[in-house]
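Colleague: Could you take me through the features of this model and say how each one is read? Please give the general idea first, then the case at hand.

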Amino acid sequence: MMYYPGVPDENSATPIDVQSGADVQGIDLFVTPQQSYRVRGRVVDSRTGQSPPNAFVRASVQNSGPTNLGISLLGGNANYRPADGTFEMQNVSAGIYTLNASVPNTSQTRPPDFDNMSPAERNAYFQSQQAAQNALPKAFTTVNVVNADVEGVVLTLGVSMSLAGRLRAESNALPADAFGFMRVQMKGGSVPSDPVSGGGPQPRPITADGTFRIDNLWPGEYRVSLAGLPPGFYLKEARFADTDVLNGPLRLKGPDSQVLDVLIS
């Protein structure tokens, strides 16, 4: 894919302003033969410090849309080598990608007889399968392929975690029921909200005292945002321990007892 005026990624493209009723001319797109590159690295299991005996490594194109949905590009095991944990992706075009590594579920059993299950039993079965999938170690990282091969990528497998937080208001003018409509959201960065990643972060409702929890987080980088703010309020500050995560990414390496502190005004 090529963007105007002949660049391979959307972030480098030049917008075209089309006024109502106007004709725009001279918009020429120059297409050149597409170059392809290799992405190579290794997978490490944080629980053992060793490479897993089997792993799946995939890549998805980062979408600049608000949901950051990934478009599947490369599937399979990307030439994963269990002996040393290395992987190699070939024929990768220029662009920004999220790499995802996961290990297969070795405890899968024969599917049950759905015809003889009640709706509640089927729902419980699917929930248990989703929970088992979420419990499998995964890893994510962002790779920017420009005009050369990418070497030395390290994908460190980790398990999902929860993050506790506290939301505070700087004034007393906040409506009494406002917390019930707000959600603290964690968006990629490194972790896309798609089925490959296990469903993405799951923000829980904010309680009356301002505490909240976000489940299904994986090691990686996140951007903190706040949905459902009352009119006239804005997100003033977000801090994780001593780190400003409103103007920079929140980096999670594993389960952490620190609290995400969010301030609105």
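Colleague: What volume does the second largest pocket have?

Modeller: Rolling a probe the size of a water molecule over the atoms shows where empty space is left. On a 1 Å grid over the protein atoms alone, a pocket is an open set of points with protein on both sides within 12 Å along at least five of seven lines, whereas a cavity is a set of points where a 1.4 Å probe fits but cannot get out. Grid points are joined across faces, edges and corners, and a volume is the space filled by probe spheres set on the points. Here the second largest pocket has a volume of about 220 Å³. Its lining, meaning residues with an atom within 4 Å of a point, has 17 residues, and those closest to the pocket centre are Thr-156, Leu-157, Pro-219, Gly-220 and Lys-253.

Colleague: Before going on, what kind of model is this, and how are residues numbered?

Modeller: It is a predicted model, in which local features need pLDDT of at least 70, side-chain atom pairs count only at pLDDT 80 or more, and totals for chains, interfaces and linings use all residues. Residues are numbered from 1 along each chain as its sequence is written, and side-chain values use heavy atoms, with hydrogens and water left out.

Colleague: Which strand gives the most to the lining of the second largest pocket?

Modeller: Strands (E, at least two residues) and helices (H or I, at least four) are DSSP runs, numbered from the N terminus. S7 gives the most, with four residues. Strand S6 (138-145) and strand S7 (150-157) each supply at least two residues of that lining.

Colleague: How many residues of each class are in the lining?

Modeller: Ala, Val, Leu, Ile, Met, Phe, Trp, Tyr, Cys and Pro count as nonpolar, Asp, Glu, Lys and Arg as charged, and the others, Gly among them, as polar. The lining of the second largest pocket has nine nonpolar, seven polar and one charged residues.

Colleague: Which residues form a nonpolar patch on the surface?

Modeller: Patches are made of residues with over 30% relative accessible area and no salt bridge; nonpolar side chains (Val, Leu, Ile, Met, Phe, Trp, Tyr) are joined within 5 Å, like charges within 9 Å. Accessible areas come from the Shrake-Rupley method with a 1.4 Å probe, and for residues only the protein chains shown count as cover. In this model Ile-16, Val-18, Val-24 and Ile-27 form such a patch, with about 310 Å² of accessible area together. Ile-27 is in the segment before strand S1 (37-45).

Colleague: Why does Ile-27 count as partly exposed?

Modeller: Buried means under 20% relative accessible area, exposed over 50%, and partly exposed in between (1.4 Å probe, protein chains only). Ile-27 falls in the middle class because its relative accessibility is 36%.

Colleague: What should I note about the backbone at Pro-5 and Asn-91?

Modeller: The peptide bond from Tyr-4 to Pro-5 is cis, with omega near 10 degrees, and Pro-5 is found in the segment before S1. Asn-91, in strand S4 (residues 86-92), has a positive phi, near 60 degrees, in a residue other than glycine. Asn-91 is exposed, at 62% relative accessibility. Ala-241 also has phi near 60 degrees, and lies in the loop between strand S13 (235-240) and strand S14 (243-244).

Colleague: How many salt bridges does the structure hold?

Modeller: Side chains of opposite charge can pair when their charged atoms come close. A salt bridge is a side-chain nitrogen of Lys or Arg within 4 Å of a carboxyl oxygen of Asp or Glu. The structure holds nine. One of them joins Asp-149 and Arg-38 (3.6 Å, N to O); Asp-149 is in the loop between S6 and S7 and Arg-38 in strand S1, 111 residues apart.

Colleague: Is Asp-215, which pairs with Arg-204, buried or exposed?

Modeller: Asp-215 is buried, with a relative accessible area of 9%, whereas Arg-204 is partly exposed at 33%. Their salt bridge has an N to O distance of 2.8 Å.

Colleague: Which parts does the salt bridge of Arg-251 and Glu-221 tie together?

Modeller: The closest N and O atoms of Arg-251 and Glu-221 are 3.0 Å apart. Arg-251 lies in strand S15 (residues 250-252) and Glu-221 in strand S12 (residues 220-227), so the pair ties together parts 30 residues apart in sequence. Arg-251 is exposed at 54%, while Glu-221 is partly exposed at 29%. Elsewhere, a network of salt bridges links Arg-40, Glu-88 and Glu-151.
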